[in-house]
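Reader: I'd like to go through the holes in this protein with you. Can you take me through them once the model is up?

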Amino acid sequence: MAKMRQSGNSALLVAYHFPPVAFSSGVHRVLALANTMASRNWQISVLTAQPDIYDRVDASSVNEIDARIRVLRAKAFDTRKHLSFKGKYLQWMALPDTLQSWVLFAVLKGLVEIRRKRPALIISTYPIASAHLIGLMLHRLTKTPWVADFRDPMAQEGYPANRSQWRSFKWIEEQAARHATRLVFATPGAMAEYRQRYPEVPSERWMVMTNGFEERRYQNIKSTAKAQTISKQGVAPFKLLHSGLIYPHERN
């Protein structure tokens, strides 16, 4: 397909985790990115999944989406839940992940949106590998520049444990290294690991975009913490908080 004429500050974001999803803290990264870009006069379309695919939703979270953002919801089926027989399914039906069906519906919807809006960028975001596959396919079909927001490493030693899935993750990584305009990571360490994996990628294509928080959300919170007792060694006790998810197959 010939390269399309692009229109100014406009972008198509591909993200599986987007309101009203309510089971992943990762939704805040892409929501904040979309809202910030919209507030800076970017025309933003977000290509995500229909809410019925999510195990848990929070309907009120939709109100956090900037009213200027156009949200496109593509049909998706989870192979494990919707396309299996007595819990069993063919391996190829779960590559690169169990949301494989989302790729087809999202690419079709994305092509229509790209023809209509002529975005200057496609931005796809992990941790759903299918999102990067969608970004790659839309980029290859339309020649629209593609930004791959990895956040964290994909194919790692021993992860995914299934070798076929690991190879599919690695292939997506290699395609991103070859075709993406920018490869974005949440930490300098993650980016450094990938720069070692793909030394042929020019330095200007690597980028770190750390996670953060919106200060306005906490302006009215008053501290209720009591003064902590100093130990005999003169060191104050402290607490560590992991505000993400804990799940037995990876984080236990």
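**Cavities and a pocket**

Author: Leu13, Val14, Ala15, Arg29, Val30, Leu33, Ile123, Ser124, Thr125, Asp149 and Met209 line the largest cavity. On a 1 Å grid over the protein atoms alone, a cavity is a set of points where a 1.4 Å probe fits but cannot get out, and lining residues have an atom within 4 Å of a point. This is a predicted model, where local features need pLDDT of at least 70, side-chain atom pairs count only at pLDDT 80 or more, and totals for chains, interfaces and linings use all residues. Residues are numbered from 1 along each chain as its sequence is written, and side-chain values use heavy atoms, with hydrogens and water left out.

Reader: Which elements give two or more residues to the lining of the largest cavity?

Author: Elements here are DSSP runs numbered from the N terminus: helices (H or I, at least four residues) and strands (E, at least two). For the largest cavity, the ones that qualify are β1 (10-14), α1 (27-39) and β4 (121-125).

Reader: What volume does the largest cavity have?

Author: A volume is the space filled by probe spheres set on the grid points, which are joined across faces, edges and corners. For the largest cavity that comes to about 50 Å³.

Reader: And what volume does the second largest pocket have?

Author: A pocket is an open set of points with protein on both sides within 12 Å along at least five of seven lines. Among the residues lining the second largest pocket are Trp42, Arg182 and Met207. Its volume is about 180 Å³.
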